[in-house]
Amino acid sequence: MQTLSYLWHAIQNPILYALPVFFATIAVEAAFYAREVRQERGKGYLAMDTRTSLTMGLGALVFMTAFKLATLVFFTFLWVRVAPWHIPANAWWSWVALAVVVDLAWYCNHRFSHRVRIGWAAHQAHHSSEYFNFGTALRQKWNPWSEAIFWLPLPLVGFEPWAIYTVFGANLVYQFFSHTETIGTLPRPVEFVFNTPSHHRVHHGSDDIYLDKNYGGILIIWDRMFGTFQAELHTPTYGLTKPVGTYNVFKLQYREYANIFRDVRRATTWRARLGYVFGPPGWEPRDNAAPKDVSVAVPAA
C-alpha cells in the first residue's frame, strides 16, 4: 500500500498540473511577437523551431516519468533502510529546507551537465535553439540520468523521496518562466537573489563572455557564491557555439553521444578515452594537433 501511495505522489507532479499554463503562456507570448516583432532573426517564434521544442518537451515528460518511477524505488529503499533519521514532510520548515537543498543540487547537476562532456551530451539539446522564448523552455533532454547522482544524498539525509520530486517539479515550473525576452530586469533585490529572465538569457548565450554562467534554478546566489555569475550586458546570441542545423529531434538528442563514441573509438590511449567522456566539452589530448568539429560538443552556456 505504501508503494502505491508513493507511486501516486510521483505521478501527481507540479509539472503535470502546470502544462495547461505552459501552453497558454506560449500562446500569449507568440501572439505578442506576431504583432510586435516580424523580421529580426532569433526574436519571437519560428514555427518549425517551436514544433521541435514542443515535441522534445512531450518526449521528455515521458522519459522523466519513467526515470522518476525507477529511481523512486531505489530512493525509497535508501530512505527506509539507510537514512539515519527521517525529516518530517508535514512540517513547513522541512519544505523550505528541501527547496533550498534541491536548488543547490540542481546547480551542481546543471554545472556538471555543462562542464563534463557525457553530461553535456544529454543537456545540449536544451541549448540547441537559436530562439529564446517560453517554447524553448520545453526543449528538454530525454536522458535525465545525471539527476539521480545529485539527488542521491537527499534521501540519505532523511528527505522523503516523493517530496524530493515534488519540490524538483516546482523548481522546473519556476524555471519555465525565466525563458523569455519580454521581461527586462526586475527590481535589484530580486535580481540579486533569484534566477530571473535576464540571468537566464545570459545562460543561453553563445557569446564568449556568457559561456558557462548562471547555472541557478530558482536562486542565483549559488552562482554569486561559486564564481559563475554574469550579468546581462547585451542581448545574447542564442544557441550552440556552432549551430547544429537540424530540427530532427533524434539528432538533437543523441548526436553528441555518437560524437563521443566516435572520439573514444579513434583514441589510442586510455587517458584520451576517459578524457573524451569525462573531460569538458571540446577536450582534446595535448598531442592531438588536428582540429576537431565541436558543433555540439562546446556548451552554449
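Student: What makes Glu 147 and Lys 141 count as buried or exposed in this predicted model?

Tutor: Glu 147 and Lys 141 are both buried. The term requires a relative accessible area under 20%.

Student: Why is the contact of Glu 147 with Lys 141 called a salt bridge?

Tutor: The closest N and O atoms of Glu 147 and Lys 141 are 3.3 Å apart. The cut-off is within 4 Å, so the pair qualifies as a salt bridge. Side chains of opposite charge can pair when their charged atoms come close.

Student: How many salt bridges does a search of the whole structure find?

Tutor: The search finds nine salt bridges. One of them joins the side chains of Arg 117 and Glu 256, at 2.7 Å from N to O. This pair links distant parts of the chain, since Arg 117 lies in helix H5 and Glu 256 in helix H13, 139 residues apart. Both Arg 117 and Glu 256 are buried.

Student: What separates Asp 263 and Arg 266 within helix H13?

Tutor: Asp 263 and Arg 266 are three residues apart in helix H13, and therefore about one helical turn separates them. Salt bridges that share partners join Asp 263 and Arg 266 with Arg 117, Glu 256, Arg 262 and Glu 284 into one network. The side chains of Asp 263 and Arg 266 themselves meet in a salt bridge of 3.1 Å, N to O.

Key. Residues are numbered from 1 along each chain as its sequence is written. This is a predicted model: local features need pLDDT of at least 70, side-chain atom pairs count only at pLDDT 80 or more; totals for chains, interfaces and linings use all residues. Side-chain values use heavy atoms; hydrogens and water are left out. Helices (H or I, at least four residues) and strands (E, at least two) are DSSP runs, numbered from the N terminus. Buried means under 20% relative accessible area, exposed over 50%, partly exposed in between (1.4 Å probe, protein chains only).
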